[in-house]
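Student: I would like to learn how to read the helices of a protein model. Could we go through one together, step by step?

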Amino acid sequence: MVEAVVGICVITFQQEWAPRPVVGATLAALGAAACALGDVLSSPGHVPESAPLVRLLFVAGLSRAAYLVVRARARAADRSAG
């Protein structure tokens with residue numbers, strides 16, 4: 001559940017505030033680290049699963065790519081209209 005909330009935050013952060021790629025990647029890495037730490041602390045001796053953490057970084061990259069594509073298309077449409 002926590003990974004889903006962190007993933008939503010990472011995606012909306014990319015779309016809402018249009019940060020530099022380093023900021024978005026840092027947020028995704030911090031979110032993944034927080035999820036891994038919570039997983040380890042909730043059950044000592046348990047190794048965190050890597051699939052949700054990789055998925056979090058993957059959706060952050062996809063979100064950034066989608067933002068760049070939409071921004072480029074919107075700028076092209078503005079240039080052609082004006």
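Student: How many residues does α3 have, and what does α3 reach from its first C-alpha to its last?

Tutor: This is a predicted model, in which local features need pLDDT of at least 70 and side-chain atom pairs count only at pLDDT 80 or more, while totals for chains, interfaces and linings use all residues. Residues are numbered from 1 along each chain as its sequence is written, and side-chain values use heavy atoms, with hydrogens and water left out. Helices are DSSP runs (H or I, at least four residues) numbered from the N terminus, and the expected span is 1.5 Å times one less than the number of residues. Here α3 has 32 residues and reaches 47 Å, close to the 46 Å expected.

Student: At what angle do the axes of α2 and α3 cross?

Tutor: Axes are lines fitted to C-alpha atoms, for helices over the stretch in contact, and angles run from 0 to 180 degrees between N-to-C directions. The axes of α2 (residues 21-42) and α3 (residues 50-81) come within 9 Å and cross at roughly 160 degrees. That makes α2 roughly antiparallel to α3, a term for angles over 145 degrees.

Student: Which residues make that contact?

Tutor: Contact means heavy atoms within 4.5 Å. On the α2 side the residues are P21, A28, A29, G31, A32, C35 and A36, and on the α3 side they are L53, L56, L57, A60 and R64.

Student: How do α1 and α3 run, roughly parallel or roughly antiparallel?

Tutor: The axes of α1 and α3 come within 9 Å and cross at roughly 20 degrees, and the two helices are therefore roughly parallel to each other, a term for angles under 35 degrees. In this pair, E3, V6, G7, V10, I11, Q14 and Q15 of α1 meet P52, L56, V59, A60, S63, R64, A66 and Y67 of α3.

Student: Which residues of α3 are buried?

Tutor: Buried means under 20% relative accessible area, computed with a 1.4 Å probe on protein chains only. In α3 the buried residues are P52, L53, L56, A60, S63, R64 and Y67, and what covers them includes α1 (2-17) and α2. An α-helix has 3.6 residues a turn, so residues three or four places apart point the same way.

Student: What is S63 in contact with?

Tutor: S63 lies in helix α3 and is buried, with a relative accessible area of 6%. Leaving aside its neighbours within four places in sequence, S63 touches I11, Q14 and Q15.

Key. Parallel < 35°, antiparallel > 145°, perpendicular 65-115°, else oblique. Buried < 20%, exposed > 50% of the residue type's maximum accessible area, 1.4 Å probe, protein only.
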